Amino acid sequence: MSTHPLIESLRPPVATILDTLATAEARYCLGETTTFEPAKIHAAWPEVFRPETVSALRAAGIAEGAGRPFVALVLQALIEAETTPLHALIAEREKAVTVTDASGARVDLARARRSAARDVTAPQQHLHERYDREVAPLWLESQQRRLALVTAAGYRDLIDYADRVQRHDLDRLEREAREFLDVTRAQYESIRRPRFAAGSCTVAQLIGAARTTFADPVDLATCLPLLHALVGELGLEFDPRIRLDLEARPGKVPGAYCLPVRVPDDIVVAVSASGGVGDCRPLFHEVGHALHFAYTGPDLPVDGRRMGDEGLVEGWGVVTENMFLHHGWLNRSFSRRTATALGHDTAQRLLIVTRAQCVRLLFAVDAARRPAAPTELRSRYDQLMADHLGARPGPIEYLEVLCGDFVSATRLRSWEFGTSIGGLLAHEIGPDWPGDPRAGRWLREHWRVGVTHTATEAIDRWAAPPVSLAAVAENLAGSMVHAC
Ligand SMILES: [Zn+2]
C-alpha cells in the first residue's frame, strides 16, 4: 500500500469519517434511528471534502493510482452536496404540478407517475410532456452540476471520470453490452414472446410473469441451513464477525443488504423475509460481501479495507449468489426437479436483468457523449428499450438512468467478475469447488487483500479467465432449460 505522505495524511480522518458514516447508516437501516444524513457528516470535515484535496492528489500525480479512492470519495461528497437540494426541489415540483388522470381527476405528477408505472396500458403522452417540461430540466441541471464538478477537478467529461476514477472502461463495456444483446436475443425473445406482445410490459412485469414455481419450498427456512452448510464445508465461519439479522420488524429498512460497520470486525447481513426464492439469492449475495469484508486483513489501511472498486466489491457478492447457477451445488442441495427449475429460474431472471442493464449502459454512455433535450433523451431510451427488450420503460426511468452514475457499469462488471472467479475455482479446484475446503482456503487468501486491487487488476494478477459478458451469457445458457 502507498506510503505517499499525502495519502498517509488523509487516512486517519477518512477512516474516522467512514466508520462514522457506516455506524450511522447501520443504525438507520436496522431501525434504531429514523434518519441517515451523510451530508451532515461530510460537512463536519470541510478540510477533507473540498476541491483542494482532489487537486493536491492530482498535482502529486497519484489521482489515478493510490489516490484514486480518495478522489472518488471527495468528489462523490461534493457532487451530493451540489445535487441534493435539486432532488428536494424535484420532489416539491412533482407535488405542485398536476395532470388530469384517466378518470378526469386532477392528480399531482408524483402520483400520476406511480400509477403510470403500474399500468403500462394507460396512455402516457400527456404525463410525459408535462414531466419533460416541468421537472426533467431539474434532473438535467443536477447532471450539469455533476459534470461541472468533475471537469473542474480535471476530467474531460463524465465518461473520462468514470473510466479513470471508477475504473469502468466504458468503451469496452459498451462493446460487450452490444454483443451480449446480440448473443442472447433469441433466448430472451423465447421468454418474452409467449407472455407479452412487444411493448406491452415493463421489465419488472416480465420478470414477474416468467417466475417458475418449484416442486419443493425454496425460501429462507430451506436456504439458511444450506448457506450454513456451504460456509462450513468451505472451512469458513460467520462467528464472531458476521451477524445475520433476518427478522422483519417495523423501522428496519426492507430488502437485503450488507452493512460493513467495521471492516473486518463487525459486519451485518440484513434480510427482511418476504417469502420464497426472492429472499434466498439476495441472502447468498449479501453473505458474499460479508465474507469478503470479514476476511479482509485487519492491518490494511482504510483504502485497502473499504474504499475499493465497486465492480470488485459487488463481484464478491455475485460469486456466492451464483451458487444458484451451480449445477453441482443445486443438485446436492435440492431434489433434482427443484434443482433444475431453480437453475433455470435464476438464469432466466439474470438474463432479463442483464439485458436491461446493457440497455441502461448504452443509453447512459450515449447521453454523456451526446447531451440532448428531455424529449429527445426520452425517445432514445424508449427506442433502445423497444429494440432490445420489447418493453416499455417507467415514466422517468431515462432520467434515473441518466443521473445514475453508471450503476449499470458496476452491475455488469460485477457479473463478469463473479463469473470469472467461479470459472477459476472450477478450473483450479474442480467443478465441485463449493463443497471443498481448498476453495475456502483460496477465497480466504484472496479476501485478505480486501479492496487493494480493482476487479480487472485482481483478475489479471490471479490469472482468472478474462472478464467478459460473453462468459456471463455462456454461464446463463448452461442453466436454461429449453422447451422443445
Ligand atoms: Zn451487492
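Domain bounds here come from an automatic or database domain assignment. The structure shown is a predicted model, in which local features need pLDDT of at least 70, side-chain atom pairs count only at pLDDT 80 or more, and totals for chains, interfaces and linings use all residues. Residues are numbered from 1 along each chain as its sequence is written.

**View A. Two domains in one chain.** The chain is assigned to domain 1 (5-97 + 135-165) and domain 2 (168-484). Between their C-alpha centres, the distance is 26 Å.

**View B. Where domain 1 meets domain 2.** Here 24 residues of domain 1 are in contact with 31 residues of domain 2 (contact: C-beta atoms, placed from the backbone, within 7 Å). On the domain 1 side, α1 (5-29), α4 (68-96), α7 (136-152) and α8 (158-164) each supply at least two residues; helices are DSSP runs of H or I, at least four residues, and strands are runs of E, at least two, numbered from the N terminus. Helix α1 gives the most to this side, with 10 residues.

**View C. A sheet of three strands.** This open sheet runs in the order β3-β5-β4, with mixed pairing (strands pair if DSSP finds at least two bridges between them). Because β3 (242-245) and β4 (256-262) stand at the edges with a single partner strand each, one side of each has no neighbour in the sheet.

**View D. Strands β4 and β5.** Take a look at β4 and β5 (residues 266-271), which pair in the antiparallel sense over 6 bridges. Ala256 has Val271 of β5 as its bridge partner.

Note on methods. Contact = placed C-beta atoms within 7 Å.
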